[in-house]
Amino acid sequence: MATSPRTGGASGAGTAQRPNGTSQNKSCQFKLVLLGESAVGKSSLVLRFVKGQFHEYQESTIGAAFLTQTICIEDTVVKFEIWDTAGQERYHSLAPMYYRGAQAAIVVYDIQNQDSFQRAKTWVKELHKQASPNIVIALAGNKADLSNIRVVEFDEAKQYAEENGLLFMETSAKTGMNVNDIFLAIAKKLPKNDGANNQGTSIRPNGNETNRPTNNCCK
Amino acid sequence: MASKQESRLCALTFFAKLHPGDVCGSNGLPLTPNSIAILGRAQKLKDLQDEHLCQYLDVIRGKHERTIVVSEFMGLSLEDYAKRQHPLALGQILRIFYQVVRGIDVLSRHHLVAHNLEPKHILISRDGRQVKLFNYGLHHMTKGGCYVPFPIGNIRYMAPERVLGLNGNIKSDVWALALLVVELIFQIELWPKLKLSNVIRKILAFGRSNGVLEKIAREHQCYDRYTALDKELRQLLESCLHVLPKKRPLPGELLKHPLFEAIASEMSKENELLESLEKDPVPLLMRCPLSQIYHLWQLAGGDVQAELKKEGLIRSEAPILGLPQIVRLSGVSVCPGRSQAQLMDDRVVPLRLQALLQRLSRLPANVYFPLLHSPRFPAQNARELQALPLVIREKDIEYQFQRVRLFTRLLQGHPHTAEQLQREALVDVPPLLRGPIWAALLEVVPNGSYWKIDKYTATSTDRQIEVDIPRCHQYDELLSSPDGHRKLRRLLKAWVTAHPQYVYWQGLDSLTAPFLYLNFNNEELAFLSLFKFIPKYLQWFFLKDNSAVIKEYLSKFSQLTAFHEPLLAQHLASISFIPELFAIPWFLTMFSHVFPLHKILHLWDKLMLGDSSYPLFIGIAILRQLRSTLLSSGFNECILLFSDLPDIVMEGCVLESQKMYEATPKSITHRQHALRLHTVHDLDIGVDDVELKHLQQEQCPRISAKDVLHLLLNNPSELALVDLRSIVEYGRVHVPHSINIPFATVQLGEQRLEALPVPQLEAQLRGRIVVCVSNIHQHSVEFSHFLVACGIPRTCILHKGFNVLHSIEPNILISN
């Protein structure tokens, strides 16, 4: 459904209903940030979600990388503007620039690495304290294809997620398991009323570029 | 010299062991192909140079784990030589014995073992005087045979401990060598008719015998020769054939044996005599290092794989024959057996040099051995070639030959030739010598300090280094090999240990990679190059808190973008496309994180010749190359463009950045945190004069009075000085030919030059460095912003305003 590409032209936050008829289709943009210890697979998750690819030797991310992906849920076109951040602790000082004003965050850890889970908890705390109060946070236990050598138990992470009001899934960027699902789950949880599209970001204070045609819709 | 004349190149090939299926290691990453591991390990062998060892020149990976080794070759194998010269005289045999001992002694000093000594692997020059070990690195490069599906070494010559599985002891080579010599002396072939299993039985049976030599003699019906053997020699051979390795002599001990001392002195006398008699001139090319000859051979169209195909060593088969017949649901597949084409074939294929020799024979001798200090030196015949594009120059064999020879000379004379080296490197850098040339440009002087740095003690950054290395330029065979990983780890740990004031930032791995890639066998040179490179271009970037440094750098980048690309800067600013979002990986890694290695090499060739500001111009050159796309794009498109950096044409980028670098007065690039090489002059911008907030508020960079003065005196046509003071002040005193636009009369609301009361202003400003001068700094700032908005390139502000010009002596100011 709703697979027709959006024709450009309408500027602004994108919630404006099409003047040309497809008026049921709402469209929203959300800023989403990925956080987590380095080498847990943040960039790989995004690459899987955006391009359906997986690189065994995905390069490390320095500073941050930016990608977008559009999905459709029911009658709403949701465009994710994804900031994929550097994992090394030293780049921490850059992180607020990316999560400030983000409507959603995926905090990623590696199920084979206990430290990365602890680091994820620290990120969640920081987001609760510093990010916008309505931010939707998902916790992703990545590298689930290696669950035979896992260190972080599913139940432990799940319990933590429930206690802190996070979405939780174990994912595998390598096999694709739960990757689209976690983004979909976030999209469903995000409020899709007009208020959702305030581009209250320090990175991109104005959203006045024209919308590009989207050609990548899923259900 | 005579030996050099016949030395040639050859290739041999084998298959590395295939990993069964698509198996991943414990870290979830796929296992490194064995051929890559071999490639990494083999690099060390290329560094071995000794008159008794055939030099290794290259290791190439083919399809399906095929590995090709290129090595020096000469004369005949001992196998063939012994057949032709049958029987060999005892003196000749002892000389061979002695020279092979010399060879394995060198191996042992490099902690290597041959473990495949046999007559095929000993080469003898045609005149019979020189002996070299051949293919001796197979054991090392295959990690004792781990990476290949065949055993290393001929079972006949295997010492008993090797048959029992103990490898890695040089004394096993002593055993093999002694057996070889025994075969020659007794004129026998060991157990010619025995099956493999019986040979093994024989070798193991030596364990119960006291006299191996005697036993062999009896078994081969030459006991009389055994008894007739010179006592000294017999004892020597018996000691080498002792069943217990610890009772066998080391190669170094063997060399001290009186028997060999006599041979050694005899041979050196003979060599002197022969050298003085030498009449046959060696082609000049053959006096060049073999590595250079091989490089030229490749440039001249030499293709090792094609040579192997010609000899039938590489046979292609229809791919359909290799398809699995059954694939089980578990993923295991049943394939047809390996075809004959994949079996081990140890034939040696010569690589012919005739064509190359002929091609280069026309060149005069002074190209082979350039006379750097002769007055006629610069008059070289290659100058017209220098106008050709770099890609063509790099493929041109004669040009590369000249460059390689020239730089070889310059490097030998370094540091005394530093200036000349720099001048030549400005033209281009021959790829073969890039590693040492960069090191020379960075003023590296190896002093052994690298080996004293602790690279092993665990530190808190280990985990980060550990996860970054397997992601760093892994498309490259060398860097993805286990040896490459180990070396990179050592380099990074050494750098961190050597810099207590700095920390490991992600990106340092990418920055180190090009140096390792170029100096794979010379870790010290790689380390010292990095050691010098970082302060030169990335001073303070690796501080634990580097935010002030990075902010200053990026602000300067924005200013310089406005200076060279005002409209683009204006557009990017208007969509909040700030450098913080895309340029940190550019500058922190000097582009080594954003480009593949082959592009980085060309970029850094030029970078090495510039100062700390050069990278900023590379950044602008990239923006300039993407200009039209950027100008027509919004924020998302721009940032996406950089997340997935498109094909930047490196040569264009290099040329542009160089042009901008040369056309920009030095003070324009002033940064507080840059490495300072000169003392600050009164008319310069003082170290702490410009704070970060100024940089962030002022779109245009400041220029020093010194640079303005320099332009005024030397290139007045390059300069347009806009004096913003009132007409009265201007009338009292001003710079000749400056344009007076009183700030009070200007309305900056309308962003058009025509709105100003100066006729043909645009024509007066275009193509010049526009310096805004006032007594009130804010006026200059606002007016410069106006000029940028009007799209006037190269706008800057005079630092300290008009009054600083009063202090210039002799006076440059005039009055009406």
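Q: Which elements of chain B have the lowest and the highest mean pLDDT?
A: In this predicted model, the lowest mean among the elements of chain B belongs to helix α1 of chain B (residues 2-6), at 43. Helix α25 of chain B, residues 508-518, has the highest, at 98.

Q: What is the mean pLDDT of chain B?
A: The mean for chain B is 91, with 96% of its residues at 70 or more.

Q: What does chain A average, and what share of its residues score at least 70?
A: Chain A has an average pLDDT of 81, and 77% of its residues score at least 70. Residues 1-23 of chain A stay under 50, although the model has 45 contacts for them beyond four places in sequence. Residues 205-219 of chain A are also below 50, with 41 contacts beyond near neighbours in sequence.

Q: How many helices and strands are there in chain B, and what box do its C-alpha atoms fill?
A: Chain B contains 39 helices and 14 strands. Along the principal axes, its C-alpha atoms fill a box of roughly 120 × 75 × 50 Å. Of the 816 residues in chain B, 42% are buried. Among contacts in chain B with a separation of 6 or more, 74% join residues 24 or more positions apart.

Q: What scores does the predictor give the complex?
A: The complex receives an ipTM of 0.84 and a pTM of 0.91.

How values were computed:
Residues numbered from 1 in each chain as written. Chains lettered and ligands numbered in written order. Predicted model: local features only at pLDDT ≥ 70, side-chain atom pairs only at ≥ 80, totals over all residues. pLDDT = per-residue confidence, 0-100. Contact = placed C-beta atoms within 7 Å. Helix = DSSP H or I, 4+ residues; strand = E, 2+ residues; numbered from the N terminus. Buried ≥ 20, exposed ≤ 12 C-beta atoms within 10 Å, placed from the backbone.
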